[in-house]
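Q: Please take a close look at one pair of packed helices in this model. How do the two elements cross, and which residues form the contact?

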Amino acid sequence: MTKDDGEMADEQKKKPCRFWIWALSSVVFRLILISFSGNLNLSSRPEVSTPLTSIRRLAEGYWLKQASMSPYAGSMYHGSPLLLSLLGPLTVQRIKGQPSHLLCSLVFVIADILSAMLLRGIGHKLQIAYGLNARLLGLLKSPRDKGILPCGDIAALVYLWNPFTIVCCVGLSTSPIENLAVILALNGAVTRRVPLAAFGLVMATHLSLYPAILTIPVIFLLGYGLDAPPLKLFLQTRNVESENRSTSSASKQAKSKPTAHFPFLWRTVVHFVFWVLVWSLCVLVLCGLSLSKHGGLEEMFKRTYGFILSIEDLSPNIGVFWYFFAEVFDFFRNFFLIVFHVNILFMLLPLAIRLKHRPCFLAFIYLAISSLLKSYPSVGDSALYLSLWALFVNELADMKFSFFLFCGYLGVSLLSPVMHNLWIWRGTGNANFYFGNAIGYACFQIVFVVESVSAMLNHDRALKKCNSQHQKVEN
């Protein structure tokens with residue numbers, strides 16, 4: 001073994017140790033903040049808790065259920081009855097001398113750790129696929145090329161140390177559990193564990209509805225495989241170059257045909273659909289049993305999905321829907337409800353066609369768009385898609401306006417509680433103060449999504465150009 005190989009081996013051994021040190025530090029940091037959670041009062045912040053993720057509303061729903069009433073009575077709770085059965089008993093248990101809802105906080109810490117580990121597994125798979133594709137294109141000579149960043153470790157640490165993730169965990173929001181379900185679906189699809197992918201997708205959709213759009217990237221992952229450059233386009237480019245050197249028309253026709261075929265795995269997709277139906281049936285049966293004396297499934301659909309789609313609660317949040325529907329005339333309300341919700345659906349097909357060769361990246365874009373356009377957004381939604389963005393640090397290294405976006409997210413995060421305080425508590429401002437901050441946040445998210453897609457497409461074009469130059473050199 002040479003000296004360079006020995007140094008590389010030592011470096012590879014140190015990286016896991018560094019990762020676990022940072023990961024354990026994030027857990028300790030969460031536990032310290034949880035011990036002071038009463039003073040921080042994060043559970044009342046509109047950026048952290050929404051009508052769908054508030055632990056206080058969940059505790060109210062559980063109290064109603066214990067009193068032999070419907071948990072949806074009183075228009076307080078609008079979450080899943082399964083989540084109510086899981087976290088409800090923990091909201092009433094107290095440990096002497098410890099903060100209230102301590103057990104719920106520990107559940108959220110465990111959910112964050114599991115999400116980070118699953119993200120790390122996804123990143124390792126994508127890192128291996130990235131290196132393999134680069135070597136197939138002749139852009140890397142060694143499988144130990146130092147130019148490839150450990151995207152799995154980076155994504156996991158971004159999730160654990162993201163301030164948005166931390167405040168959701170400490171602020172007793174149920175967003176960590178929703179994020180865990182989404183990441184579980186993606187991890188199952190990446191590792192080809194079809195039942196796991198179906199379970200994660202069904203649970204994520206059941207908890208917050210919007211993850212249903214991830215069905216498309218999950219099917220692409222199971223059918224086509226992991227993210228890869230558009231290799232078919234590269235192969236066609238090689239054929240065109242060889243055509244220019246050929247003088248025989250017969251050889252031109254032969255060489256113009258694709259030299260490789262990437263079949264879509266329909267059998268795996270059908271298996272996935274089967275498991276989605278199985279898990280959906282199980283969830284519906286459990287929900288029906290839980291609400292058998294309180295209106296059944298009809299009541300659940302009306303109070304959860306109906307509540308999300310009708311935007312009944314207009315309390316302030318970091319989204320833009322609450323202000324708009326507080327101002328719009330009732331006569332036009334249904335029209336604008338359709339326009340706002342269909343806006344997400346209009347973007348699904350064009351993005352799926354353009355990014356079908358990168359299904360994980362497509363899932364990240366879908367989640368970012370849904371976070372921007374959902375009825376009751378929170379910073380937990382942003383924490384999820386920002387962590388998924390970190391999975392593509394190798395491809396998005398040349399992304400524009402990175403520092404501008406970082407400063408924008410930081411500025412909005414600091415100004416949001418200030419504007420809310422000026423409006424609600426001090427009375428020296430009005431709703432426009434807080435809504436203006438929400439508009440700025442939405443604009444930064446739009447720029448972030450656009451620049452991410454642009455950087456990924458530019459990366460694919462750069463690979464195509466490098467591949468063409470490589471072929472010219474070889475010829």
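A: Helix α8 passes helix α9 in a left-handed crossing, meaning that the near helix is turned anticlockwise from the far one by less than a right angle. The model is predicted: local features need pLDDT of at least 70, side-chain atom pairs count only at pLDDT 80 or more, and totals for chains, interfaces and linings use all residues. Residues are numbered from 1 along each chain as its sequence is written, and side-chain values use heavy atoms, with hydrogens and water left out.

Helices here are DSSP runs (H or I, at least four residues), numbered from the N terminus. The axes of α8 (residues 175-190) and α9 (residues 194-208) come within 7 Å and cross at roughly 155 degrees. Axes are lines fitted to C-alpha atoms over the stretch in contact, and angles run from 0 to 180 degrees between N-to-C directions. The crossing angle therefore makes α8 roughly antiparallel to α9 (angles over 145 degrees).

Contact means heavy atoms within 4.5 Å. On the α8 side, Ile177, Glu178, Ala181, Val182, Leu184, Ala185, Asn187, Gly188 and Ala189 meet Leu196, Ala197, Phe199, Gly200, Leu201, Met203, Ala204, Leu207 and Ser208 in α9. These residues divide into 13 nonpolar, 4 polar and 1 charged; Ala, Val, Leu, Ile, Met, Phe, Trp, Tyr, Cys and Pro count as nonpolar, Asp, Glu, Lys and Arg as charged, and the others, Gly among them, as polar.

Threonine 205 also lies in α9. Threonine 205 is buried, its relative accessible area being 18% (buried is under 20%, with a 1.4 Å probe and protein chains only). Apart from neighbours within four places in sequence, threonine 205 contacts Pro211, Ala212 and Tyr305.

Note on methods
Helix = DSSP H or I, 4+ residues; strand = E, 2+ residues; numbered from the N terminus. Parallel < 35°, antiparallel > 145°, perpendicular 65-115°, else oblique. Buried < 20%, exposed > 50% of the residue type's maximum accessible area, 1.4 Å probe, protein only.
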